[in-house]
Structure formats: C-alpha cells, structure tokens
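Visitor: I have a structure to look through. Could you please guide me?

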Amino acid sequence: MPYNSVITSSNMAGLIPPEYTDEILSKTVEQSAVMRLARRLRNMPTSTRTMPVVSALPTAYFVDGETGLKQTTKVEWANVMLSAEELAVIVPVPQSAFDDSAYPIWDQIKPLLEEAAGLAIDQAVLYGVNIPLTWAAAFGSHAGIVSLATAHGSTVSLASRDDLYDALMANGGLLSLIEQDGFIVTGHIAHTSMRGLLRGCRTTTGDPIFVAGENFGSTFATGALDGAPVLYPLNGSVDSSKSLDIAGQWSELVYAFRQDISWNVANQAVIQDGSGQIVYNLFQRDMIALRMVFRLGFALPNPINRVQPTEDSRSPFAVLTA
C-alpha cells in the first residue's frame with residue numbers, strides 16, 4: 001500500500017551520531033518537570049515490567065512471659081505493571097533549507113524535539129492529556145496525577161481559604177493533606193503565576209514563606225517552599241485552570257526507559273494526517289524528514305503505609321486549585 005512506502009536514506013544516517021541517543025534521554029529528563037522529580041528505575045529489558053507492591057503490612061506481637069507463644073503474621077503483595085509506550089515525532093524540512101543551512105540543521109531541531117517530548121510527558125502524567133491506557137491503569141485507573149488526587153479528595157481551593165498561607169501551610173491545607181496520608185512533600189510543580197503569589201505570602205511574623213531559586217535557561221524557574229523544591233515549567237505544561245500547584249512525594253512516581261531510541265532520516269516517503277490525507281510527499285516536494293521514536297513507562301504504585309492503610313483514601317499528591 002502506498003502509505004507504507006518509506007525509504008530510508010542510509011547515506012544520511014551518519015548525520016545523527018550514535019552518542020545523540022543517550023544525550024536525548026538526558027535532555028528529555030531535563031526538559032520534563034515530572035521526570036526531574038520522579039524516581040527513575042533501571043532501564044526496562046522488555047516492553048513490560050511487573051512491580052510487586054506491598055498491599056498488607058506485617059504485625060509484631062509482644063510475647064507473654066518467658067514461655068509465651070510467638071504469633072505469626074503475613075505480608076501481601078500486589079502487582080503493578082510498568083509498560084513502555086512510544087513517544088514519537090517527525091520533523092519535515094525542505095531539502096533546500098537543509099542544504100543551505102550554515103549551521104547543522106539537526107542541532108537546531110534537536111532542542112525542539114527535547115522540549116516537545118518533555119511537554120508531552122508532563123501533560124500526560126499531570127493531566128492525562130493523551131495518556132496511554134497502560135499508564136492510566138498503572139495510576140490506579142486514573143488519567144494522571146490531578147485526576148488521582150481529585151478522586152481521593154486531596155484538593156484545596158484557594159478561593160475557599162482565608163489566604164494562600166492557610167491554603168498551603170495550615171491544618172487541612174495542601175501540605176497536610178499529603179502528610180495525613182502518610183507521605184512527606186518532596187517537591188512541587190506549579191504554574192508560573194504561583195511564583196508571584198508566593199513572593200507576597202508572609203507568615204504571621206512577616207517572614208516570607210517562599211525562597212527564590214535558580215533559573216534553568218528557558219526551561220524552569222525554581223524556588224523552595226517549606227524546604228521542598230518548587231519547579232515552574234516555562235513550556236506551558238501546567239494548566240492553571242486545573243492546578244496552581246501540584247505537591248507530593250514524587251519518589252512514589254516511577255518511570256523507566258526501554259532505551260531503544262531510533263532515528264530515521266527519509267526523503268522518499270509520505271506524511272499523512274489522522275484522516276489518511278497526504279500532507280507531505282517528501283519525494284515530490286523535495287523534502288527530508290527526521291523521525292524520533294523512543295519508549296518509556298510510568299507507574300504510581302501507591303503502596304500501603306501505616307498512617308493511611310485504605311488505598312481509596314490514600315494519595316501521595318495533592319492539588320491546589322484557584
């Protein structure tokens with residue numbers, strides 16, 4: 001069938017050196033707020049990995065006297081599946097622009113691919129935007145962190161509280177919701193508008209609760225809140241209509257690379273839209289296209305803890321809304 005006709009230009013494969021593979025993995029992590037805070041597992045040797053998660057905790061007993069009987073206990077595990085899903089993009093470029101460029105064209109395109117990959121990952125994990133079904137299943141059948149926190153009642157509305165300090169720091173505020181479920185806040189991902197709100201927020205003694213941090217180019221502004229880092233993505237991944245701040249124990253969120261990035265350069269292929277219509281005929285239009293594909297998996301095991309043993313009431317994340 002014509003739409004399957006893709007001819008790779010092998011003589012152009014050398015434009016993408018092998019060392020770019022590991023570099024792209026690293027740069028993607030840097031571009032993603034979620035991946036900066038989540039816990040990375042070792043690379044997946046296959047497309048799926050089963051993670052045993054403790055679902056029932058043991059109990060220890062005092063022995064009655066010197067000859068008392070020692071009691072038994074048990075520990076139970078449940079399985080959480082980590083599935084690698086594809087993240088891909090194709091960048092078509094006119095052959096004339098490629099030939100005339102005074103700067104290596106792929107070096108210009110590469111940062112854009114890194115940013116696009118980071119944005120797609122953040123929006124999927126935070127809000128469920130185009131989230132793969134296997135990832136949603138590994139989030140307890142929730143489409144992202146905000147959906148999970150909302151279902152568990154771990155949300156605070158700024159409009160319903162006396163002020164920002166009360167919404168964040170007081171009993172029943174954002175941080176305490178996480179602590180009440182047996183977790184400790186290790187980081188925040190917040191909308192950039194939160195930075196201004198936090199700069200003006202003071203304790204009862206007039207001390208600021210916000211500490212400014214380093215800026216990472218055009219990727220993140222940072223700060224600290226109650227000792228935990230705050231990331232403000234500048235790529236538009238945080239939707240202020242859904243969350244001003246997402247706080248949590250980010251080590252509970254895990255991810256792993258399948259580490260099978262592939263690059264293909266083609267000049268004799270077609271690119272179609274979702275309806276099957278041809279958008280570009282590379283050969284006819286004298287264009288060249290770079291395709292990037294890699295695979296990774298996310299999961300939120302949410303193991304049992306002694307503070308909140310009921311899974312339906314336990315969330316390692318909480319969300320501040322407007």
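Guide: W135, Y255, F257, F294 and F298 form one aromatic cluster. Rings of Phe, Tyr and Trp (its six-membered ring) pair if their centres lie within 6.5 Å; planes under 30 degrees apart count as stacked, over 60 as edge-to-face and the rest as tilted. The model is predicted, so local features need pLDDT of at least 70 and side-chain atom pairs pLDDT 80 or more, while totals for chains, interfaces and linings use all residues. Residues are numbered from 1 along each chain as its sequence is written, and side-chain values use heavy atoms, leaving out hydrogens and water.

Visitor: How many aromatic pairs does a search of the whole structure find?

Guide: The search finds five. One of them joins F257 and F294, with 6.1 Å centre to centre and 50 degrees between the planes, which is tilted.

Visitor: Which parts does that pair tie together?

Guide: F257 lies in strand β12 (residues 254–257) and F294 in strand β16 (residues 287–299), so the pair links parts 37 residues apart in sequence. Strands are DSSP runs (E, at least two residues) and helices likewise (H or I, at least four), numbered from the N terminus.

Visitor: New topic: is V29 buried or exposed?

Guide: V29 is buried, at a relative accessible area of 17%; buried means under 20%, exposed over 50%, partly exposed in between (1.4 Å probe, protein chains only). V29 sits in helix α1 (residues 20–31).

Visitor: What is V29 in contact with, leaving aside neighbours within four places in sequence?

Guide: Those contacts (heavy atoms within 4.5 Å) are M35, R36, Y255 and F257.
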